[in-house]
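Hi everyone, thanks for coming. Let me put the chain up on the screen so that we can walk through it together.

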Amino acid sequence: MLKTHNAGELREDHIGAQVTLAGWVNRRRSFGELIFIDLRDRWGVTQVVVDSSEAPEAHAVADSARAEYVIQVTGEVVARGEEAVNPDMPTGAIEVKAHTITVLNEAKNPPFQISEGGTEPNEETRLTYRYLDLRRARLQRNVILRHETILYIRHFLSERGFVEIETPILFKTTPEGARDYLVPSRVHPGRFYALPQSPQQLKQLLMVAGYERYFQIARCFRDEDQRGDRQPEFTQLDLEMSFVERDDVLDLIEELMIGIVEEVSDKRIGQKPFPRLAYREAIEKYGTDRPDLRFGLHLVDLSEVAVQGDFKVFKNAVESGGKVRALVAPGCAGYSRKQISELEDIAREEGAKGLATIAVNEDGSVKSSIAKFFSEEVLAQIVSTAGAGPGDLILIVADAPAIVNEALSTLRTEFGQRLELIDPDVLHFGWVIDFPLVEWNEEEERWDPSHHMFTSPKAEEIALLDSDPGAVHSNQYDLVCNGYEVAGGSIRIHNREVQERIFELIGFDPAEARERFGHILEAFEYGAPPHGGIAPGIDRLVMLLAGEPNIREVIAFPKNQRATDLMAQAPSPVDEHQLHELHIALAVESEE
């Protein structure tokens, strides 16, 4: 080894020891005869002092060293003077008096400051020079936190009888909600593998194979539009169990999540045990099935009272099957016209045609541009139904239910931040259960799975599949935390007849179902046990544990918002020879 100790471990009990350190020059300060270097490695920072009168050769090397040079230092651990002790550094009570310094590699001036305290570089620069970005303390903390999280998961599940099994990356293209990434086959011209969106079918087949408790830290691939909590390739804890019911899976994952938070992070858990909300309750209270449970501000339905006035926007919405719903912002009755306009813009971005507001004055009177359409009695009833009091602002959206919920849910999050109702140190988990099995797709005029096509319907509602599919609930469950879905799972179908009925319901004819899913349908005829599972997203979970705004901050080499690797410039063109070998001709020219 080129070092005897790491830069984060030296303490007062090392005083007098001869040590060799190696790492990067984090910072260099010259005071003529004395030069101070903060030497950094993965474990921390140690101050090195070089005295020209005692080590002239080392001093000359230190004088030429610059930020991010890789150096090796040999010297003696000494105590800092009392006035020089740095209580903010774990190594702040000591320093290394250098005898020799060797430059192991020089470094160009980096495009941004690596040491803490500098200006935050823009993300494009950070991703272009990701190998430098990953040197920064913040990113190193995140990557190590991710490692510790996965290590905890592996120990936790192994101790409970789970077996870690790898499944193929090259598999068959199947419709699972997003576009597949396709891989052409050289030896089978015109045929393609697909990168797995998840190992869903494979883990079910492992249950048929009798392993009973499987897990995998699985890489998954989805060709979908990017946002802060999405990447084209991501990592999930893939988990499946045989002979279980819903609560067995929920209890296991709840214990796992509590352990992770308490063992590897400095966050607090909002509520134990985790609350459970029916899907309908989540939508009614929060407007979303992934609510942030750290604060209240529940939505309320004003549809019945809103139609009692002459305001056509409200009446038309309800008559066409829509809703009139509201959110109360406490203490915001004094909002200016400009502030109201900002809220209107937020609602419109979520598809709403507009936003009505009613300010409740301190004397109980109201101020609103729509007040003229209602009698005083109806206005009072609207205020009462909304649960507003003096000083509050009522925000009202009238539209199709999905648009109303989306707009008010976004406004709820906005006010959670504006009113400082959100504690950033708390992780508030909750279960959402009792989802609808299928949802009607107006555009395609068909039923789509709410979760995925292998989720089992409630046994007592299977008879409704033919007569009233929209009334059937599934055995799906989602784990949410701070406004994100961090895990999704279900009890699966393990019976061929039921699976074929679901395929038929969502529009697959029998021949197509056999072509795409014949392997799993046949497997169900060989003694498939009842089974269920779940897939927590590692990236989102670590993002929340680290308190980061997006998952790119906890992935070593992420893509940007356009699914581009700026460091390696991927995706990139390929030469004609490669295309010829794969029997591919391009229909369009590359953007390059």
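Predicted model: local features only at pLDDT ≥ 70, side-chain atom pairs only at ≥ 80, totals over all residues.

Residues are numbered from 1 along each chain as its sequence is written, and side-chain values use heavy atoms, with hydrogens and water left out.

Let's start with E240, which lies in strand 10, residues 233-242. Helices (H or I, at least four residues) and strands (E, at least two) are DSSP runs, numbered from the N terminus. Is E240 buried or exposed? Its relative accessibility is 0%, so E240 counts as buried; buried means under 20% relative accessible area, exposed over 50% and partly exposed in between, with a 1.4 Å probe and protein chains only. The side chain of E240 makes a polar contact of 2.9 Å with that of R492. Such a contact is a pair of N or O atoms within 3.5 Å; within protein, one must be able to donate a hydrogen and the other to accept it, and residues adjacent in sequence count only if both atoms are side-chain atoms. Beyond four places in sequence, the contacts of E240 (heavy atoms within 4.5 Å) include F162, Y214 and H531.

Now the helix pair. Helix 4 (residues 137-158) and helix 16 (residues 538-546) pack with their axes 10 Å apart, at an angle of about 120°. Axes here are lines fitted to C-alpha atoms, for helices over the stretch in contact, and angles run from 0 to 180 degrees between N-to-C directions. Among the residues making the contact are L145 and I153 of helix 4, and L541 and L545 of helix 16.

On to helix 14, residues 496-505, where the buried residues are R496, V498, Q499, I502, F503 and L505. Their cover includes strand 20, strand 21, helix 13 and helix 15. At the start of helix 14, a side-chain oxygen of N495 comes to within 2.9 Å of the backbone nitrogen of E497. After helix 14 comes G507, with a positive phi near 105°.

Last, R446, found in strand 21. R446 has a relative accessible area of 35%, so this residue is partly exposed. The side chains of R446 and D448 are joined by a polar contact of 2.6 Å. Further along the chain, R446 touches partners including W440 and I506.
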